[in-house]
Amino acid sequence: MQDISRRSLLGAGVGAVAAMGIAGCGPLGSGGNGSSSRGAASVGGKGGASPSPSNVRLIGDGSTSDTGKQPHQPPKPVPLQPGETPPQFVVFSWDGAGEVGNGLFPRFLKLAKEHDAAMTFFLSGLYLLPESKKTLYKPPNNAIGASDIGYLTDAHIKATLANVRQAWLDGHEIGTHFNGHFCSGHGTVENWTSDQWASEIDQAVSFVTEWRTNSGWTDLDPLPFDYRKELVGSRTPCLLGQKNLIPTAAKLGWRYDASSPGGLQQWPDKLQGVWDFPLQSIPFPGHSFQVLSMDYNMLANQSKNSTNGMTSRYPEWRKQAAAAYLAGFERAHTTNRAPFFIGNHFEEWNGGLYMDAVEEALKRIAGEKDVRLVSFRQFADWLDVQDPAVLAKLRTLQVGQAPEGGWNTFFKAA
């Protein structure tokens with residue numbers, strides 16, 4: 001049995017998990033190894049071929065590059081028209097976004113391509129920094145080189161680079177999950193100041209944009225994007241520290257932050273000019289309370305502090321996790337059409353059942369009417385072209401509340 005008490009909700013009991021809305025993220029590999037219906041906003045997943053050398057402009061030391069407009073992006077969004085039903089946006093996102101040989105990163109890239117989906121991958125900067133260069137990392141309120149998620153092997157860094165590269169070419173967003181993932185003790189990110197968040201961000205960007213210098217590898221292709229322009233959003237470790245992060249995110253011109261814990265299935269608003277995209281409380285089949293829409297919180301309510309729970313219960317837990325995601329989707333899709341946000345890690349907890357559950361949910365959701373499987377950045381693009389009065393009206397709809405008289409009547413009332 002593997003103990004994950006460091007991330008077991010800071011001592012909260014299982015019954016408190018949903019109420020507190022705290023999410024955890026462990027080292028990669030813990031618990032095992034280290035549609036056309038989307039209409040105008042569908043994101044193509046075909047292709048992803050490498051840019052030709054003539055179209056590549058190296059940036060800095062050649063770790064990153066400018067290869068032009070990102071492939072497989074949706075058409076320019078347009079405002080909702082009078083009487084039009086809002087699309088059902090669904091965002092699948094991934095914390096850490098490293099590949100450690102378990103095949104999960106390529107598995108979900110393939111799944112996304114098969115279902116014309118875009119996703120957001122929150123890359124941990126340390127996953128591109130060799131452990132031999134760990135002293136380059138100076139985390140706020142922690143020892144030089146410290147990290148609560150450790151460092152990847154050289155082979156796994158190379159695999160991560162390859163998958164991040166392919167993700168961008170396939171049309172996905174590359175955000176940040178910052179670096180050392182400190183969730184408890186004196187150095188927790190919950191207590192970081194805005195200036196300390198700025199330092200952490202600077203370092204995360206440097207690890208992504210200078211991996212060639214830090215590793216000495218000259219035989220690998222550069223990442224095909226300018227990360228300083230690409231980076232427009234984040235999710236903090238364990239959903240902690242957003243209050244002091246937001247001022248820094250606003251100064252950097254970031255579009256959104258996805259770190260709010262315990263959000264509701266309602267239309268989002270901004271914090272200091274930054275879109276607030278929280279993980280959401282969703283129905284948890286078999287329980288009177290709700291659960292946060294993230295794999296870790298499913299686990300915390302099922303096997304408590306173990307990533308290797310009772311194997312006899314894996315089929316039951318898998319069914320319950322998939323049913324929770326689908327219940328959250330159905331509640332929004334049939335009522336207020338609030339966007340649905342799902343968070344994940346590339347993990348094999350409890351035999352990988354959460355990966356199977358999210359795959360089942362994505363396949364089921366992708367076939368539904370008016371669904372748009374997008375990245376957070378693409379959703380922000382859509383929000384930014386809408387009439388503020390329309391968005392304000394949408395925010396009046398509570399969780400599970402359908403517009404009285406239908407959408408045409410609802411917007412006429414606006």
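At what angle do helix 8 and helix 10 pack, and how far apart are their axes?

Reply: This is a predicted model, with local features requiring pLDDT of at least 70, side-chain atom pairs pLDDT 80 or more, and totals for chains, interfaces and linings using all residues. Numbering runs from 1 along each chain as its sequence is written, and side-chain values use heavy atoms, without hydrogens or water.

Helix 8, spanning residues 295-302, packs on helix 10, residues 353-366, at an angle of about 125 degrees, and their axes lie 10 Å apart (helices are DSSP runs of H or I with at least four residues, strands runs of E with at least two, numbered from the N terminus; axes are fitted to C-alpha atoms over the stretch in contact, with angles from 0 to 180 degrees between N-to-C directions). Helix 8 is therefore oblique to helix 10 (under 35 degrees is roughly parallel, over 145 roughly antiparallel, 65 to 115 roughly perpendicular, the rest oblique). The two helices cross in a right-handed sense (the near helix is turned clockwise from the far one by less than a right angle; anticlockwise is left-handed). Helix 8 contributes Asp295, Met298, Leu299 and Gln302 to the contact, and helix 10 contributes Leu353, Tyr354 and Met355 (contact means heavy atoms within 4.5 Å). Of these residues, five are nonpolar, one is polar and one is charged (Ala, Val, Leu, Ile, Met, Phe, Trp, Tyr, Cys and Pro are nonpolar, Asp, Glu, Lys and Arg charged, the others, including Gly, polar).

Helix 10 has another partner in helix 9, residues 314-333: these two pack at about 35 degrees, with axes 8 Å apart. The crossing of helix 9 with helix 10 is right-handed. On helix 9, the contact residues are Tyr314, Trp317, Arg318, Ala321, Ala322, Tyr325, Leu326 and Phe329, and on helix 10 they are Leu353, Tyr354, Asp356, Ala357, Val358, Glu360, Ala361, Arg364 and Ile365. By class, 13 of the residues in this contact are nonpolar and four are charged, with no polar residue.

Phe105, Pro106 and Leu109 of helix 2 meet Asn163, Val164, Gln166 and Ala167 of helix 3. That contact has five nonpolar residues, two polar ones and no charged ones.

As for the pockets, the lining of the largest pocket counts 22 residues, with Pro74, Pro75, Lys76, Pro77 and Asp381 nearest its centre (on a 1 Å grid over the protein atoms alone, a pocket is an open set of points where a 1.4 Å probe fits, with protein on both sides within 12 Å along at least five of seven lines; lining residues have an atom within 4 Å of a point). Helix 11, residues 376-384, gives the most to this lining, with four residues. The lining of the largest pocket comprises 11 nonpolar, four polar and seven charged residues. The second largest pocket is lined by 13 residues, and Trp168, Phe225, Asp226, Lys229 and Glu230 lie nearest its centre. Strand 2 (64-66) and helix 6 (227-230) are the elements that each give two or more residues to that lining. By class, the lining of the second largest pocket has four nonpolar, three polar and six charged residues.
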